[in-house]
Amino acid sequence: QARSALGPALDKATGTLLYNAAARLRDPKHLGFLVGYIARREILTDLQLSAALEYVRSHPLEPLDVGDFERACGVGVCVTPEQIEEAVEAVIGEHRAELLAERYHFNMGLLMGEARSRLRWADGKTIKNEVDLQVLHLLGPKTEADLEKKTKAAKARPAPAEKQKAAVVENGEVGTETRSLLEQLRGEALKFHKPGENYKTEGYVVTPNTMALLKQHLAITGGQVRTRFPPEPNGILHIGHAKAINFNFGYAKANGGVCFLRYDDTNPEKEEEKYFTAIREMVEWLGYQPYAVTHASDYFDQLYTWALELIHRGQAYVCHQKVEEIKGHNPPPSPWRDRPAEESLRLFEDMRKGKFGEGEATLRMKLMMEDGKMDPVAYRVKFTPHHRTGDKWCIYPTYDYTHCLCDSIEHITHSLCTKEFQARRSSYFWLCNALDVYCPVQWEYGRLNLLYTVVSKRKIIRLVETGAVRDWDDPRLFTLTALRRRGFPPEAINNFCARVGVTVAQATMEPHLLEACAREVLNEQAPRAMAVLEPLKVTITNFPAPKALEVPVPNFPADERRGFHKVPFQPTVYIEETDFREEADKGYKRLAPGQPVGLRHAGYVIAVQNIIKDASGRVIELEVTCTKSDVAEKPKAFIHWVSEPLVCEVRLYERLFLHKNPEDPSEVPGGFLSDLNPDSLHVVHNALVDSSVLSARPFDKFQFERLGYFSVDPDSAEGKMVFNRTVTLKEDPGKA
């Protein structure tokens, strides 16, 4: 019909506009109105179409004012070549001095933008051609200097608080666009709707009750942005959840709103109290405070009442197909789909009373989802007591039923979820509208994945059961509890999420990018200490004092205003075995016979006088003499050392898996458990650490000079501290 109305010669541009209009507007009443304008060639450009769609969405129910509509989208406006020429000439005249100075390095997009603002309905390509022509006339052809890349001005080193920057991810690498997470999430940075303007969102379904419900919603919220973070309490949060936490809490914070922490506790078989506690701890550890902590189970009574209403309205029915029968995207249609509402109400009540066994009956909703799934389940029978409601219920709602209705109850404005839930968007809108309740808007964003790890609950449980890791907080994992135990600061995780950015596309990142964020934060936060992992005893034969000296060591050598701590210095010190060689190779700058080294912070240079070995020929002690640094010849190197140290355990970590994608059968045919790195953990049982760390508590962090950043492990006990290496001081080139 459309083709006959338009005539046989439908040009490509008109066809594209028609396709875009149909794809972007779900309202059939207004779609016909819009198609008429396109068919009559009164809407000619995508710019006009976007303005028309915006106008239609802003007036969802009332009859459209034709005159106002045509003014809003430029119907009948004809922009002549002369007008374009004059507008471009005026803009270039305003920027003439900068153009002559910067020539072709000038931002030509600025000229385009200003010309477009003067002539809103002008064709963009025509404006660009006119800008190019007039710039060429003013400047002449490009010279070699014009073709050279513009050098960037050197940036001043930012203060620590300014370092929390965002970046763009391209091909798994972080770019250099410096926008904080809040800047990425604030106001118009995301093309999200304003509270109460849900109907302006593409695909949002407007019913006769929509505007009244939105008015009530605004009266309750006061126009405030409301988001929620809705984890299932059946596992520990991982690095991917960190992005969700940052996005949900961050969007609310950036726009003066609030964020709920809502536990999706609809599956009592898998939920445990420890998960509830750990989830909230991790949210707060990342620096966010929930506006309210709620549970899906808080609303079980209301959800049940709404299920009855859905059956009354002929939109749900009790079904007896087995789970195996309705799996997949092409299951046979239910023979019970058209059973009378009264019968389904009676059977649903029987489900609630426990008269059906598990799997014998479900309540299903009458709709088709985007992914082809037919009639998703709303309620199923489970004879498992709930941790909060006890044995009150033996039927429990599903995610597809619960999620949007809980959002509606809490008057969420922006329901932010990962991309895989896009297929549920239509069911989200359908269910709220089927019950005539306030309908929030679901927005999707890309998941954050990390290479060299697994994050699925089932697979982490397998790692624990097989003894590959100790528990959910094993520092080799990328759960948030594991990252905290390893010593990653929450700011580093938040900065990493900001650098990944708020993208619709899935981001798969290398662990070394997270490690780089940790180094950046720890460099500013972790006070310095000295530790020796492979000790070699050194005796100073001419020690300059009758008793031990106290050496002041700056907590942060780059900023001594941040204080000092004292370490003992006495005739016996310990250095790293690797800081001594009997024969100095070319390029080797540390201690060797005839090659002295300085002791960091001590103010002394030591020189080897005697090498003591055990029966096997291994060097076990050095006898040295010392000279004050201000009179000795400047040594080639300074090394760290300890004296009167604490004996500690130090755990050094490497990647848990050998391959980037341990779950990919093409990369790891034997399965992820066959890909474990046998060298992922190395324990140093008798490391020596200077006594300045004695009062440290679990999770306190230090930089052990020349070795890396370390965090106190909760396994520490009186008389034996335990440290985890968070990251090395520099990135290992082999891991990049």
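Which residues in H3 meet Leu-49, Ala-52, Leu-53 and Val-56 in H4? Select His-30, Leu-34 and Ile-38 in H3, which are the residues in contact there (heavy atoms within 4.5 Å). By class, this contact of H3 with H4 has 6 nonpolar, 1 polar and no charged residues (Ala, Val, Leu, Ile, Met, Phe, Trp, Tyr, Cys and Pro count as nonpolar, Asp, Glu, Lys and Arg as charged, the others, Gly among them, as polar).

The model is predicted: local features need pLDDT of at least 70 and side-chain atom pairs pLDDT 80 or more, while totals for chains, interfaces and linings use all residues. Numbering starts from 1 along each chain as its sequence is written, and side-chain values use heavy atoms, without hydrogens and water.

Now show H3 (residues 28-39) and H4 (residues 46-58) whole; their axes come within 11 Å and cross at roughly 155° (lines fitted to C-alpha atoms, for helices over the stretch in contact; angles run from 0 to 180 degrees between N-to-C directions). H3 is therefore roughly antiparallel to H4 (over 145 degrees). Helices (H or I, at least four residues) and strands (E, at least two) are DSSP runs, numbered from the N terminus.

Next, select the open sheet of 7 strands, ordered E14-E26-E27-E28-E24-E25-E15 with mixed pairing (two strands pair if DSSP finds at least two bridges between them). E14 (528-529) and E15 (531-532) are the edges; each has a single partner strand, so one side of each lacks a neighbour in the sheet. E15 runs antiparallel to E25 (residues 681-689), joined by 2 bridges; Val-532 has Leu-688 in E25 as its bridge partner.

Finish at H23 (residues 511-525), which packs on the sheet and touches E14, E26 (701-704), E27 (708-712) and E28 (722-727). The direction of H23 makes about 115° with that of E28.

Technical notes. Angles under 35 degrees count as roughly parallel, over 145 as roughly antiparallel, 65 to 115 as roughly perpendicular and the rest as oblique.
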